[in-house]
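Subject: Structure for your review

Dear colleague,

Please find below the structure that I am handing over to you.

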Amino acid sequence: MHIYTNPDPAQWAELLRRPQIEQAVIRPRVEAILDDVRAHGDWALIRYGRQLDGAELTDLLVSPREIDQAVTRVDPVLADAIRQAADNIERFHRAQAFAGLELEVLPGVVCRQRSVPIQTVGLYVPGGSAPLFSTVLMLAIPARIAGCREIVLCSPPDRRGNIADPILFAARLCGVTKIVKAGGAQAIGAMAYGTESVPKTDKIFGPGNQYVTVAKQLVSLSDVAIDMPAGPSEVMVLADDSADARFVAADLLSQAEHGPDSQAILATDSARLASRVEQEVERQLQHLSRSGLAAESIANSRIFVVKDRQEMISLANAYAAEHLIVSLHDPWEAADRITAAGSIFIGNFTPESAGDYASGTNHTLPTHGWAVSFSGVNLDSFMRKITYQEISRRGLEQLGEVIRTMALAEGLDAHAHAVRIRLEE
């Protein structure tokens, strides 16, 4: 990791630049895949399963029997861990429920608001070398709590045409209604347009590689809503001399192991800590099973030594990290001054991996700086809020002249007439 000491704030934007998606190369490929799925449906998904996943599929949908068998194969210790994590996630997300509101803004003028669930949602769950069964919990649990009628999950199969057992276990536990053996941009296309086996969904959720990210961006232009702009995972750590270099290095590596385009950033006011973290990263890296991927990510990662706590906070707000770890004296004072982050982890004993798995918060978060304007996935992500108004004759008599005056000032005579004709009755 390269160490930058007291960089000029004018250079921050360049130094904090994320690895870029190769749009010129990836976008035409994704567009071709999406067009193919729109035109050929299941047949295209089966063909891409063969070409990209090496799987010979005869049926795209996972059968109840396949799920039954997968459930029996999951290690009991892992099954218990998944159940405990699911319970924590459920408790935190159920507490987010909106009870609705009703307000009489004037006598006879009543306004209401209530939440209703999105009817059909699509969940993308990455597979491959790291099948993210935890993502099933993060997406399917709030979808079920919200009351979504149909929950469709897509995940890439292995070469034998199977989805990882823990993914199927979590899907059954969380109430997923349909599981599809499809990954990549083709899965996004299937959920956006619908095929013979895959229902068209109203909103698509979930992380993925660059092809999935670009596919979600493209289908969101006109066909389906998506959870948020997202890209490769990232973490930023704010640390001072109260932090443990071993813990900081472990947190940086926990994101780096996602892949070569992930990014890990440390901001500190201690040159001594920076040096120790750099050494610890190299030492711990040697013991990781995914050390090759992590090493590529670490090459794109940085350590900033800045003059004080305020500069650390300013750097964090400029970066708008997906995950922000605050390992400082009086961490809540600093956290309260953070205005842009997906999720914040407080203190030396709160690893980012707790939020990834089991603390209860959601790990589907805005990346690539989008935390300045987007929230992470939460219960409201699966809901729509509808407003209502009910006006009595008395209420319209009080409000009518206000409406007519404003409508006429905008040159919209019919709007004014809709009030006048009622008051003349």
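Predicted model: local features only at pLDDT ≥ 70, side-chain atom pairs only at ≥ 80, totals over all residues.

Residues are numbered from 1 along each chain as its sequence is written, and side-chain values use heavy atoms, with hydrogens and water left out.

Pocket and cavities

The search ran on a 1 Å grid over the protein atoms alone: a cavity is a set of points where a 1.4 Å probe fits but cannot get out, a pocket is an open set with protein on both sides within 12 Å along at least five of seven lines, and lining residues have an atom within 4 Å of a point. Grid points are joined across faces, edges and corners, and a volume is the space filled by probe spheres set on the points.

The largest pocket holds about 1300 Å³ of space. Its lining consists of 49 residues, and P126, L132, G208, N209 and H258 lie nearest the centre. Two or more lining residues come from each of helix 3, helix 6 (133-146), helix 8 (184-193), helix 9 (210-219), helix 10 (245-256) and helix 15 (352-357). Helices (H or I, at least four residues) and strands (E, at least two) are DSSP runs, numbered from the N terminus. By class, the pocket lining has 19 nonpolar, 24 polar and 6 charged residues; here Ala, Val, Leu, Ile, Met, Phe, Trp, Tyr, Cys and Pro count as nonpolar, Asp, Glu, Lys and Arg as charged, and the others, Gly among them, as polar.

There are 2 cavities of 30 Å³ or more. The largest cavity has a volume of about 60 Å³, and its lining includes G206, P207, G208, T213 and K216. Helix 9 gives the largest share of that lining, 3 residues. The classes there are 5 nonpolar, 5 polar and 1 charged.

The second largest cavity contains about 50 Å³. Around it stand R18, P19, P232, S233, E234, D261, Q263 and H368, which divide into 2 nonpolar, 3 polar and 3 charged.

Helix 2 and helix 3

The axes of helix 2 (residues 23-40) and helix 3 (residues 42-53) come within 6 Å and cross at roughly 135°. Axes are lines fitted to C-alpha atoms, for helices over the stretch in contact, and angles run from 0 to 180 degrees between N-to-C directions. Contact (heavy atoms within 4.5 Å) is made by A32, I33, D36, V37 and H40 of helix 2 with D42, W43, A44, L45, R47 and Y48 of helix 3. These residues comprise 7 nonpolar, 1 polar and 3 charged.

Backbone details

Most residues other than glycine have a negative phi. N6, however, has a positive phi of about 50° and sits in the loop between strand 1 (2-5) and helix 1 (12-15). N6 is partly exposed at 47% relative accessibility (buried means under 20% relative accessible area, exposed over 50%, partly exposed in between, with a 1.4 Å probe and protein chains only). A320 likewise has a positive phi, near 55°, in the loop between helix 13 (309-319) and strand 12 (323-327), but A320 is buried at 1%.

With kind regards
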